[in-house]
Amino acid sequence: AKQELPWRVVLVTEKDTQLADNDMAQRLAPACRIKDISWIKPGKVAWDWWNTCNLTGVDFKAGMNTPTYKAFIDFAADNNLEYIIIDDGWSGNESLLKDLNPNIDLKELVAYGNQKGVGIILWASWRNSAKDTEAAFSHYAQMGIKGFKIDFFDRDDQPLVQSVERIVACAAEHRLVLDLHGLKPYGIQRTYPNVLNFEGVKGLENAKWEPIVNGSPLHNFPRYDVTAPYLRMLVGPMDYTPGAMMNATRETFRAVNDHPMSQGTRVHQMAMYTLFEAPLQMLADSPSKYMKEQECTDFIAKVPTVFDETVALDGEVGEYLTLARRKGDVWYIASMTDWTPRDCTINLSFLGEGSYEAEIFSDGINADREATDYKKEVRTVTSGDKLNIHMAPGGGWTARIWKR
């Protein structure tokens with residue numbers, strides 16, 4: 001019998017930016033096996049777990065219950081987000097069909113989401129997803145659930161990968177999208193494009209338990225944030241789960257599980273929505289925090305999760321990165337730096353003729369001390385312009401540019 005061996009690829013580039021816009025892993029993957037892909041809907045997700053369902057200004061006890069998820073659906077609908085996720089705790093530890101949480105009425109939530117145009121995705125462990133897959137996926141697809149976030153694979157040997165392919169194929173038959181959280185991408189997203197995202201990344205969730213050593217966080221998140229797009233993102237999208245509204249300098253950061261924060265500035269987080277490839281992209285913080293920061297939320301909500309064109313403008317691995325991405329006639333540009341403050345020039349020569357309107361978010365003048373500080377401006381630009389930008393330590397810059 002013919003033995004199929006995995007690809008081994010060596011990429012040689014002249015510039016680091018060539019790594020930040022490279023589709024070699026997609027090119028080497030098997031062809032698409034789904035005949036009709038029209039039902040597959042990428043989008044943004046209001047997510048519960050990172051913010052521990054912390055809601056304020058509501059008249060019910062927030063937590064894993066029906067009123068809380070109705071509030072998440074309301075928030076998603078108000079901000080044109082396609083989905084919410086109900087994370088770990090809605091089902092039993094050993095089954096997707098038994099011992100369901102009595103405080104969560106899934107049928108009621110599906111009906112409510114349908115009224116508001118918001119789909120529901122459910123969290124599941126790989127172990128439970130591999131049990132009675134057909135029965136579980138059929139049941140929830142008929143109920144109106146749109147997909148599953150599958151977690152805790154904990155390995156990537158051949159039996160596991162074969163199991164994943166059975167799960168993914170079954171999900172496709174029932175028109176369910178998947179986030180294979182807990183697994184790194186390996187090309188299956190091209191073969192089964194209902195797989196919208198993967199983890200395999202040291203994402204924002206790690207901020208909830210980050211150790212503090214000698215007064216500073218042990219791990220350098222901003223440096224990682226400008227390394228992963230060159231290396232990890234080479235093989236496919238990554239479920240980093242960005243969007244923290246509580247932002248901290250290296251000196252003020254602390255790990256607080258129920259009130260988590262990010263390392264780096266507010267605009268560093270906002271820039272991730274353009275820089276990080278994620279067809280299913282999370283808004284990790286609480287709807288209550290986003291509503292208090294509506295100006296930033298409005299910008300995040302407008303950034304697509306799939307694009308028509310990418311231009312890698314500038315950057316060096318582990319130091320900074322600037323990308324421009326186009327969706328239709330609108331360009332999205334973002335830049336991020338490590339803990340080193342940085343001045344960069346963004347050449348807009350990729351724009352077409354004529355004048356454009358640019359909505360720009362940059363680090364505020366005091367963002368080096370108060371990481372939530374930002375500045376918004378709207379100005380006219382053309383393809384002949386070069387924008388001089390400044391990023392604070394752990395900072396960022398991002399813009400949305402459209403034809404006037």
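I take a nonpolar core to be a set of buried Ala, Val, Leu, Ile, Met, Phe, Trp, Tyr and Cys residues joined through side-chain atoms within 4.5 Å. I keep in mind that this is a predicted model.

**Cores.** I looked up the largest nonpolar core and found 101 residues, of which Ile 84, Ile 86, Trp 90, Phe 148 and Leu 180 touch the most other members. Helix α7 (residues 158–173) gives this core its largest share, seven residues. I also noted another core apart from it, with 19 residues, including Trp 397 and Ile 401.

**Ile 86.** Which residues is Ile 86 in contact with, leaving aside neighbours within four places in sequence? My list includes Asp 48, Met 64, Tyr 69, Ile 104 and Trp 123.

**Aromatic pairs.** I counted 13 aromatic pairs. Trp 90 and Tyr 140 have ring centres 5.4 Å apart and planes at 90 degrees, so I logged them as edge-to-face. They are 50 residues apart: Trp 90 is in the loop between β2 (83–86) and α4 (106–116), and Tyr 140 is in helix α6 (residues 133–143). I found both Trp 90 and Tyr 140 buried.

Next I checked Phe 137 and Phe 148: with centres 5.1 Å apart and planes at 25 degrees, the pair is stacked. Phe 137 lies in helix α6 and Phe 148 in strand β4 (residues 147–151), so this pair ties together parts eleven residues apart in sequence. Phe 137 is buried, at 0% relative accessibility.

**Charges over rings.** I found Lys 208 over the face of Trp 49, 4.9 Å from the ring centre. The charged end of Arg 400 sits over the ring of Trp 402, at 4.8 Å from its centre.

Key. Residues are numbered from 1 along each chain as its sequence is written. This is a predicted model: local features need pLDDT of at least 70, side-chain atom pairs count only at pLDDT 80 or more; totals for chains, interfaces and linings use all residues. Side-chain values use heavy atoms; hydrogens and water are left out. Buried means under 20% relative accessible area, exposed over 50%, partly exposed in between (1.4 Å probe, protein chains only). Helices (H or I, at least four residues) and strands (E, at least two) are DSSP runs, numbered from the N terminus. Contact means heavy atoms within 4.5 Å. Rings of Phe, Tyr and Trp (its six-membered ring) pair if their centres lie within 6.5 Å; planes under 30 degrees apart count as stacked, over 60 as edge-to-face and the rest as tilted. A charge sits over a ring if NZ of Lys or CZ of Arg is within 6 Å of the ring centre and within 35 degrees of the ring normal.
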